[in-house]
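Keep the picture open while you read.

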Amino acid sequence: MPSLDQALRAALDARRPLLDELHAQGTDCYRLFHGSQEGVPGLTIDRYGPQLLIQSFHQPLDVALLPRLSAQIDASLGTPLLMVYNDRSQGHSRIDRAAHQPEPAALAELVGHEWGLNYRVRGRHAGQDPLLFLDLRNARGWVKQHAAGKSVLNLFAYTCGVGLCASAGGASEVWNLDFAAGNLAVGKENAALNPQLPAMRFIQSDYFSAIRQLADLPIAHRRGHRLPSYERLEQRQFDLVFLDPPAWAKSAFGTVDLLRDYQSLLKPALLTTAEGGVLVCSNNLAKVDMGEWRDQVMRCASKLGRPVRDCQPIFPAADFPSRDGHAPLKTLILHL
Ligand SMILES: C[S@@+](CC[C@H](N)C(=O)[O-])C[C@H]1O[C@@H](n2cnc3c(N)ncnc32)[C@H](O)[C@@H]1O
């Protein structure tokens, strides 16, 4: 196995053309080192604008190595970055906040950029994830290019990056939906960081209760269990629907389960997409095979009487290299 220095050098060299392209398009948030594919499994190094985020997932990194890694990257990029190291090798990938104390400036409220838009950057916050999901960049770029004049529904919206791209791409209307107030607050913050964009709608709601009302389907409930109150929505369709669910989540209204039951998510989303419209859907579970998942998606659409006229994949960019061509994040553009 190459040393970490060598592996990082090779990763930085391989990214040179991509980084030039990204900088030219107004993007300074990207993965610099994707350890599982580049020689050090369990280690990732990302740039989020002014911040350098180093994360270990299998075992802690020797913190004595951090200054050298950081200096190597600063020299390669020609700009000094504020380093945050998060060890997430303990249970449930939780950040061990005692493992490393970053400089206060690195934990300040920072701003990164992607496709010319501004995003809040926080190396540490109440959750474990680093906010903007970098492997979805190409999908956001696709939305920005194809949203002009369209009504857009962004499901599982969190940072609302998809909504921002739709808005920047000239969408006629954008709705962002997420059930977590704290997550939607990040999306609202990102909207405020881009004041030039038209206003978007934010809906704090469970996916199943909202999408089933939009699709004019009954809201399922378990016998003997009263449903919590939920926001009332009228039935309607959107020209462009973006479905980016987490791998697994349970609520009073249903279970998000990308391995065993993608159909429960997909069906109402298909019905909420207008005739001639587009549904972009994703599946981020590594163990789900793209071919099998695509067949399942196509079958589900046909059975529902909403056959897919055209289906194209969107792959993560080259900062997420994949030796076997099977990146964990799979995204499909379905033209209905
Ligand atoms: C992987 S993130 C989606 C990332 C997002 N597309 C983005 O670009 O930032 C998953 C989101 O789904 C939300 N979520 C999980 N289960 C949900 C449910 N049943 N209804 C609504 N939102 C849900 C979580 O709050 C979280 O913000």
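Q: What makes Cys160, Val162, Gly163, Trp175, Asn176, Leu177 and Phe242 contacts of Asn154?
A: Contact means heavy atoms within 4.5 Å. Asn154 touches these residues, with residues up to four places away in sequence left out of the list.

Q: How far can these values be trusted to describe a predicted model, and how are residues counted?
A: The model is predicted, so local features need pLDDT of at least 70 and side-chain atom pairs count only at pLDDT 80 or more, while totals for chains, interfaces and linings use all residues. Residues are numbered from 1 along each chain as its sequence is written, and side-chain values use heavy atoms, with hydrogens and water left out.

Q: Why is Asn154 called buried?
A: Buried means under 20% relative accessible area, exposed means over 50%, and partly exposed is in between (1.4 Å probe, protein chains only). Asn154 has 2% relative accessibility, so Asn154 counts as buried.

Q: Where is Asn154 found?
A: Asn154 is part of strand 7. Strands here are DSSP runs of E with at least two residues, helices are runs of H or I with at least four, and both are numbered from the N terminus.

Q: In what order do the seven strands of the open sheet stand?
A: The order is 9-8-7-10-13-15-14, with mixed pairing. Two strands pair if DSSP finds at least two bridges between them.

Q: Why do strand 9 and strand 14 stand at the edges?
A: Strand 9 (201–204) and strand 14 (310–314) each have a single partner strand, so one side of each has no neighbour in the sheet.

Q: How do you know that strand 10 and strand 13 pair?
A: Five bridges join strand 10 (residues 238–243) to strand 13 (residues 273–283), and the two run parallel. The rule asks for at least two bridges.

Q: Which strands does helix 5 lie across?
A: Helix 5 (residues 161–168) lies across strand 7 (151–155), strand 8 (173–178) and strand 10, and runs at about 180° to strand 8. Such angles run from 0 to 180 degrees between N-to-C directions, with axes fitted to C-alpha atoms, for helices over the stretch in contact.
A: Helix 7 (residues 207–214) also packs on the sheet, where helix 7 touches strand 7, strand 8 and strand 10, and its direction makes about 150° with that of strand 7.

Q: How do you know that Cys29 is in no disulfide?
A: A disulfide is a pair of cysteine sulfur atoms within 2.5 Å. The nearest cysteine sulfur to that of Cys29 belongs to Cys165 and is 12 Å away. For Cys281, the nearest is that of Cys311, at 7.6 Å, and Cys281 is in no disulfide either. The count comes to zero disulfides.

Q: Are Cys29 and Cys281 buried or exposed?
A: Cys29 has 0% relative accessibility and so counts as buried. Cys281 is buried too, with a relative accessible area of 1%.

Q: What makes Arg15 and Glu38 a salt bridge?
A: A salt bridge is a side-chain nitrogen of Lys or Arg within 4 Å of a carboxyl oxygen of Asp or Glu. The closest N and O atoms of Arg15 and Glu38 are 2.7 Å apart, and the pair forms a salt bridge. Arg15 sits in helix 1 (residues 4–24) and Glu38 in helix 2 (residues 35–38), 23 residues apart. By this rule the count comes to 14 salt bridges.

Q: Why is Glu173 called partly exposed?
A: Glu173 has 28% relative accessibility, so Glu173 counts as partly exposed. Glu173 forms a salt bridge with Arg236, with the closest N and O atoms 3.0 Å apart. At 23% relative accessibility, Arg236 also counts as partly exposed.

Q: What makes strand 4 mostly covered?
A: Five of the six residues of strand 4 (residues 82–87) are buried. Six bridges join strand 3 (residues 51–56) to strand 4, and they run parallel.
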